[in-house]
Amino acid sequence: MKGYMNKIARINLTAETVEYQELPEETAKLYIGGSGLGAWFLSSETGPETDPLGPDNLLIFAAGPLTGTTIFNSDRFEVVTKSPKTGIYGEASCGGRWGSRFKKCGFDALIITGRSASPVYLNITDDSVEIKDAGSLWGQDTFKTHETLRNQAGKNSEVACI
């Protein structure tokens with residue numbers, strides 16, 4: 001379907017695995033954009049019993065069909081999860097260049113589950129996601145983390161960090 005990369009990356013931090021799956025065309029048609037995809041994955045894969053701070057909750061980064069195009073203000077992506085504050089749907093709409101770079105790597109969504117035994121970060125490149133050790137980044141603020149990762153990956157890279 002036009003505007004979609006038709007690929008989702010699923011990361012399980014507990015098992016330290018990365019799996020890829022195709023985005024079903026019907027899902028892309030029914031749940032348009034990053035918000036729609038995020039809401040669909042969250043509602044279909046979690047329930048009232050899912051602890052918002054537990055390893056079974058999903059942390060979803062999703063981009064819509066216009067992300068990465070030249071349409072004004074289209075470089076957006078959504079971060080969706082079950083909110084620890086409310087226990088229900090939570091979403092953040094984000095700007096910057098991360099969304100378009102993510103789409104250029106070949107993905108529509110990144111779905112993270114599990115709990116890592118140590119600090120890690122995800123390195124996303126053309127058609128692949130790697131789980132990498134972030135021990136050296138632990139305790140740094142977002143400015144220093146951003147600078148360190150961009151220096152490692154190159155000036156054309158983008159960083160989303162907390």
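**Close-ups of charged and aromatic side chains**

**View 1. Glu45 and Arg10 join up through their side chains in a salt bridge, 2.5 Å from N to O.** Glu45 sits in helix α2 (residues 33-45) and Arg10 in strand β1, so this pair ties together parts that lie 35 residues apart in sequence. Helices (H or I, at least four residues) and strands (E, at least two) are DSSP runs, numbered from the N terminus. A salt bridge here means a side-chain nitrogen of Lys or Arg within 4 Å of a carboxyl oxygen of Asp or Glu. By that rule, the count is four salt bridges. Glu45 is partly exposed, at a relative accessible area of 33%; the label covers what falls between buried (under 20% relative accessible area) and exposed (over 50%), with a 1.4 Å probe and protein chains only.

Before you go on: this is a predicted model, where local features need pLDDT of at least 70 and side-chain atom pairs count only at pLDDT 80 or more, while totals for chains, interfaces and linings use all residues. Residues are numbered from 1 along each chain as its sequence is written, and side-chain values use heavy atoms, with hydrogens and water left out.

**View 2. Lys7 makes a salt bridge with Asp127, with the closest N and O atoms 3.8 Å apart.** This one links distant parts of the chain: Lys7 is in strand β1 (residues 7-12), and Asp127 is in the loop between β7 (120-125) and β8 (128-133), 120 residues away. Lys7 is buried, with a relative accessible area of 18%, whereas Asp127 is partly exposed at 45%. The charged end of Lys7 also sits over the ring of Tyr20, 4.6 Å from the ring's centre; that takes NZ of Lys or CZ of Arg within 6 Å of the ring centre and within 35 degrees of the ring normal.

**View 3. Asp108 and Lys103 meet in a salt bridge, 3.9 Å from N to O.** Both Asp108 and Lys103 are buried.

**View 4. Trp98 and Phe102 form a stacked aromatic pair, 4.8 Å centre to centre with 15° between the planes.** Rings of Phe, Tyr and Trp (its six-membered ring) pair if their centres lie within 6.5 Å, with planes under 30 degrees apart called stacked, over 60 edge-to-face and the rest tilted. Trp98 and Phe102 share helix α3 (residues 98-104), four residues apart, or about one turn of the helix. Trp98 is buried at 11% relative accessible area, and Phe102 is buried at 2%. Both belong to one aromatic cluster that also takes in Tyr20, Phe61, Phe77 and Phe107.
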